Amino acid sequence: MSVSHGHETRVQLFKDCPAFAPQLLSECLGVELPEFDQAVLQCADLGEVVPVERRADAVVGLLDTALIARIEKHDKTEMLIVVEVQNEFVEEKVYRWAEYCGVSADRSRCPVALLVLCPDQDDADRYDRWFELGPGFRLKPQVLGPDRLPVMASPEDVARSPELAVLAFAAHPEAPGAVKTLVEGLERIDPHDAAKYTEYTLTLLDGKVRDELEETATMSPVRYRSEYTDRFVEEGQEKGLREGLFLVLESRGIALSAEDRRRIEACRDQGEIKRWYARALAASTAEELFRD
């Protein structure tokens, strides 16, 4: 998993579901939020007249539409949440965040919360403090690291908030039954969304846990289709064809050199493996198997 892909996936969760930002603030960090009944994405371009790019990862506005109806005012924002995904500790970044929050507050004339999501707990711990930016001027991010993310206890929890489930699984992939809980929970939501959240989770994983999730997802009653699960199925078919080919060759007494064996094991073209398989049924030597 590349850092850039992981960053993009985490940001996309907030873009797909703006209500995820206030959920994390409230449920995971205990932040008291104003009354609101709608969370919407707002412009994340926080640049000024000078030609320097200033763009937050996401900006979410919390709207109280009932209040809007009562006072007939159509731009009432109760709070803005500036979302930043931070993959490493860079102390100077807090000055940029202060600018994001200041510009957001100036534009909307409302309170602003800075939600910083850190995949690494050490980075989260270093950001989770007050930063002195000047006399009487301090900034305190609302920091969410793996330690503040829950272990999803049941499929119902996963289905209730698949966005949280993605982050929680990436934070606690070794929790007992985590793969089974995640897959069973995603089986309870729309299959298209289930495939999307499966793929998001896989982009945040490496090694054996990702392989286990791929295998479990492809065996689920829900037909997941994603870049990862499709690749897993294709690799499984290739492996089965190669094993079948080796069995046929062995049963017919056809000897393979080390180079012949490496050639078969390295082949990723199912059509080529099928041609070798068909030839193996009648061939008497390895040379006949690989003839042009």
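Buried means under 20% relative accessible area, exposed means over 50%, and partly exposed lies in between, with a 1.4 Å probe and protein chains only. Keep that scale in mind at each stop.

This is a predicted model: local features need pLDDT of at least 70, side-chain atom pairs count only at pLDDT 80 or more, and totals for chains, interfaces and linings use all residues. Residues are numbered from 1 along each chain as its sequence is written, and side-chain values use heavy atoms, with hydrogens and water left out.

**Whole chain**

Start with a cartoon view. The chain has 14 helices and 7 strands. These are DSSP runs numbered from the N terminus: helices are H or I with at least four residues, strands are E with at least two. Of the 292 residues, 46% count as buried. Accessible areas come from the Shrake-Rupley method with a 1.4 Å probe; for residues, only the protein chains shown count as cover. How much of the contact set with a separation of 6 or more joins residues 24 or more positions apart? The share is 63%. A contact means heavy atoms within 4.5 Å.

**Stop 1: Val59**

Select Val59 in strand S2 (residues 58-63). Is Val59 buried or exposed? Val59 is buried, because its relative accessibility is 2%. Show its neighbours. Leaving out residues up to four places away in sequence, Val59 touches Val40, Leu41, Gln42, Cys43, Ala44, Leu80, Ile81 and Val82. Draw a C-alpha to C-alpha distance to Cys43: it reads 6.6 Å, for residues 16 apart in sequence.

**Stop 2: salt bridges**

Side chains of opposite charge can pair when their charged atoms come close. Here a salt bridge is a side-chain nitrogen of Lys or Arg within 4 Å of a carboxyl oxygen of Asp or Glu. The count comes to 11 by this rule.

Select Arg160 and Glu27. Their closest N and O atoms are 3.4 Å apart, in a salt bridge. Arg160 is in helix H6 (residues 155-160) and Glu27 in helix H2 (residues 20-28), so the pair ties together parts 133 residues apart in sequence. Arg160 counts as exposed at 51%, while Glu27 is partly exposed at 44%.

Next, select Glu84 and Lys93. This salt bridge has its closest N and O atoms 3.5 Å apart. Glu84 is buried, with a relative accessible area of 3%. Lys93 is partly exposed, at 22%.

Move on to helix H13 (residues 270-280). Arg275 and Glu272 both lie there, 3 residues apart, about one turn of the helix. Their side chains form a salt bridge at 3.0 Å, N to O. Arg275 is partly exposed at 41%, and Glu272 is partly exposed at 22%.

Then select Asp16, Asp193 and Lys196. Salt bridges with shared partners join these residues into one network.

**Stop 3: a charged patch**

Which residues form the negative surface patch? Select Asp120, Asp122, Asp125 and Asp147. Patches are made of residues with over 30% relative accessible area and no salt bridge; like charges are joined within 9 Å, nonpolar side chains (Val, Leu, Ile, Met, Phe, Trp, Tyr) within 5 Å. Asp and Glu count as negative, Lys and Arg as positive; His and the chain ends are not counted. The place of a charge is CG for Asp, CD for Glu, NZ for Lys and CZ for Arg.

End on Asp125, in helix H5 (residues 121-127). Asp125 is partly exposed, with a relative accessible area of 46%.
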